[in-house]
Amino acid sequence: MGDIFADRVVVGSEDRLAEMFGGDLGNEGIKFSAGNPNAQFFPVTEMKQAFNHAIEAYGNQMFEYQTVSGFSQLRRQLTTWAEQTAQISTTPANILLTQGGQQALDLIGKLLLNAGDEIVVEAPTYVGALSAFDQYDPRYYDVALEPDGLNLTQLEHLLQHHPGIKLLYTVPDFHNPTGVTMSLAKRKRLVTLAEKYDFLILEDTPYRDLRYKGKQLPAIKSFDRQGHVLFVSSFSKILMPGLRVGWVVADQAIIQRLRKLKTSSDLETPGLVLAALEQYMEHNDLKKHIAGMLPTYRSRLEAMLAVLDETMPAEVEYTRPEGGFFIWLTLPDAINVQKLLNETCIPEDKISFVPGKVFYAHKDQQNGIRLNFSGVSEEQIKLGITKLSNSLRQAIML
Ligand code: PMP
């Protein structure tokens, strides 16, 4: 059987995403392993109306084949959104609508990566991006993350020694899995480095509008002078992941090629969904919807930080995010996180988290834990994190 599959399937055969979801907690368990937005916030009534409006506005045409270059109104709405929320000035022709940010990552990998091409990723990084890029068999280089984002000294050193590096993938806002945000100074410097060493930056930022404290920063793309930055965002975290709508902002030469690849793959994102989103944006205030979610997410973040401060053993370090969904714990090297999860946290404590190694291109670092705070109540946070702290304390003492 093995011989019938293409090389890329064999190369990408490690199922990085599936590894994230191991372990059954049953009903009474507390899941810190999730990554999805809170379904209680889904604007179902408004979306129902938006679908109705779409059918009324477009009639039969709604159920026809669409063209990838269609939906110029939604793309126009997104240029305003990009300007207002990310300080990016762009045009509808510079935007491609995709099926979630995930499809954008896959298409960009397909567009840019030959087998063996050199790409830089953060260590740790978003596992879904690794799983998309894996298919194109690139050569990964890791760069460490600091509390203010990528270590640019390390990056520049790498660029000096590997002039073939083509692409850098970064999640600059409330990073998945660490929650870290790249500073303003680093954003500007990163663009300068891309110009100097001639590589592209893939800025993937589905969480950027979910800021609970501090000041919003301009996107890396806003500093782009020569077309080095591909900006990817999504409606999954701020609205509903089931819509499967994401978008790319890039130079037209890139957008045109991505569009061709998307057409070859799926012809188009379902037109009904795009038209409903367009109507939703037209008749509702998306900013207000987001603002309505922030207090709950903010309290959960603060609750988690407070219990961590109160109960975690001193040997454990953790990030202090200002938004997004995740906090990252760094444990002493000697602790086997996977074993702790499988043998203590899931069966005894009835809590789950994502073990850090899945977020590394080379899976060589074992001592991280990703905790989700957005999908758990404050009571669950208190109970679950206290249990985790106790189990970690015992593991450290052993
Ligand atoms: N990028 C990052 C950093 C993510 O966390 C996610 C979702 N977990 C995605 C992209 C893809 O999301 P979607 O396809 O739902 O837009």
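1. A word on "near" before anything else: a residue is near a molecule or strand when its C-beta atom, placed from the backbone, lies within 6 Å of it. Around the ligand there are 14 residues, and Gly100, Gly101, Gln102, Ser234 and Ser236 come nearest.

2. Some housekeeping. This is a predicted model, where local features need pLDDT of at least 70, side-chain atom pairs count only at pLDDT 80 or more, and totals for chains, interfaces and linings use all residues. Residue numbers start from 1 along each chain as its sequence is written.

3. Helix 5 (residues 100-112) gives the largest share of the shell, three residues. Helices here are DSSP runs of H or I with at least four residues, strands are E runs of at least two, and both are numbered from the N terminus. The shell has nine polar residues, four nonpolar and one charged. In that count Ala, Val, Leu, Ile, Met, Phe, Trp, Tyr, Cys and Pro are nonpolar, Asp, Glu, Lys and Arg are charged, and the others, Gly among them, are polar.

4. Eight strands form an open sheet in the order 2-9-8-7-6-3-4-5, with mixed pairing. Two strands pair if DSSP finds at least two bridges between them.

5. Buried means 20 or more other C-beta atoms within 10 Å of a residue's own, exposed means 12 or fewer, and partly exposed is in between, with C-beta atoms placed from the backbone. Strand 6 runs parallel to strand 3 (residues 118-123), joined by three bridges, with Val120 opposite Leu168. Four bridges join strand 6 to strand 7 (residues 200-204), also in parallel, and there Tyr169 is partnered by Leu202.

6. Finally, Asn38. Where does asparagine 38 sit? Asn38 is in the loop between strand 1 (30-31) and helix 3 (44-58). Asn38 counts as partly exposed because it has 16 C-beta neighbours inside 10 Å. Leaving aside residues up to four places away in sequence, Asn38 touches Ser374 and Gly375, contact being C-beta atoms, placed from the backbone, within 7 Å. The C-alpha atoms of Asn38 and Ser236 are separated by 11 Å, though the two residues are 198 apart along the chain.

Technical notes. Two residues are in contact if their C-beta atoms, placed from the backbone, lie within 7 Å.
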